[in-house]
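Colleague: Can you walk me through reading aromatic contacts and surface patches in a model like this?

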Amino acid sequence: MAGQGSSWNSTPLQVLHALLGWIAFASWSISFYPQVILNFRRKSVVGLNFDFVLLNLTKHSSYLIYNASLFFSSAVQRQYHQKFGFDQMIPVAANDVAFSAHAVLLTVFTLFQIAIYERGHQKVSKTATAIVAAAWLAAAVCVFVAVPHKKWLWLVSCFNTVQVVMTVIKYIPQAVMNFKRKSTIGWSIGNILLDLLGGVTNYAQMAVQSIDQKSWVNFCGNIGKTLLSLVSIFFDILFILQHYVLYPSKQKASPPKLDVVSKEPLIESSENAHSDNV
């Protein structure tokens with residue numbers, strides 16, 4: 001399990017570590033629901049970028065494989081300790097596994113909403129489809145390379161690399177879409193605020209473990225988790241700026257008429273301005 005090979009030096013830090021971990025888990029997990037609820041209320045997914053959702057599924061699926069393997073597999077843990085030292089703690093906690101499993105389920109459900117709700121002229125781009133296909137093809141190649149040599153840590157690290165790449169890429173389509181529409185209608189800001197809280201508490205959790213162990217190997221040994229939080233925080237701040245600073249008027253234009261707006265493809269600002277004047 002996660003604690004094999006080392007132990008906590010401070011009980012208060014151990015408790016704080018667990019508390020921060022479950023706060024991050026709760027924040028990240030709950031962050032999926034505002035978008036799901038918004039889609040349900042509007043009976044529309046216009047404004048939600050489909051490329052983001054598809055890339056997100058690949059990201060969370062690969063992250064689940066990494067977390068579950070490192071947390072449950074004694075073979076992977078043994079190779080981790082051989083590489084980083086037997087006095088080092090496994091950098092994956094129970095909340096990481098729980099979050100990943102929950103994230104996969106909610107992302108699949110969001111894809112189901114995309115299939116059944118009004119989506120205007122939106123569709124998954126060929127670029128996103130190609131990226132996802134390339135990612136899983138690369139993962140399959142890694143499996144064929146690793147299995148004969150029993151390079152289990154290297155293999156799960158490959159899946160970790162996939163999730164890092166997907167994390168960097170997945171936010172870009174939504175950010176660009178918001179920019180082109182000059183609006184964040186259809187994209188839940190609640191998702192972003194909770195995601196930001198999760199990223200900050202995740203970093204705090206890792207820092208607590210490093211302080212207790214008097215080593216920062218924790219950040220290097222789980223570089224995926226480190227980069228995940230860093231990239232997420234960057235884009236969360238960008239989305240917050242788009243929602244509250246760059247395009248705030250769109251959120252106040254006609255709140256009661258969201259259902260009407262959602263039926264339109266991707267409304268340009270000039271069209272909204274014309275309808276307001278009328």
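Colleague: How are W22 and F25 placed in helix α1?

Modeller: They're 3 residues apart in helix α1 (residues 11-30), so about one helical turn separates them. Helices here are DSSP runs of H or I, at least four residues, numbered from the N terminus. Keep in mind that this is a predicted model, where local features need pLDDT of at least 70, side-chain atom pairs need 80 or more, and totals for chains, interfaces and linings use all residues. Residues are numbered from 1 along each chain as its sequence is written, and side-chain values use heavy atoms, leaving out hydrogens and water.

Colleague: What describes a pair of aromatic rings?

Modeller: The distance of the centres and the angle of the planes. Rings of Phe, Tyr and Trp (its six-membered ring) pair if their centres lie within 6.5 Å; planes under 30 degrees apart are stacked, over 60 edge-to-face, the rest tilted. The whole structure has 14 aromatic pairs. For W22 and F25, the centres are 5.1 Å apart and the planes at 85 degrees, so that pair is edge-to-face. F52, Y171, W187, F234, F235 and F239 form one aromatic cluster.

Colleague: Which charged ends sit over rings?

Modeller: The test is NZ of Lys or CZ of Arg within 6 Å of the ring centre and within 35 degrees of the ring normal. K43 sits over F40, 3.8 Å from the ring centre, and K182 sits over F179 at 4.0 Å.

Colleague: Is W22 buried, exposed or partly exposed?

Modeller: Buried is under 20% relative accessible area, exposed over 50%, partly exposed in between (1.4 Å probe, protein chains only). W22, at 40%, is partly exposed. L246, in helix α10, has 51% relative accessibility, so L246 counts as exposed.

Terms used:
Helix = DSSP H or I, 4+ residues; strand = E, 2+ residues; numbered from the N terminus.
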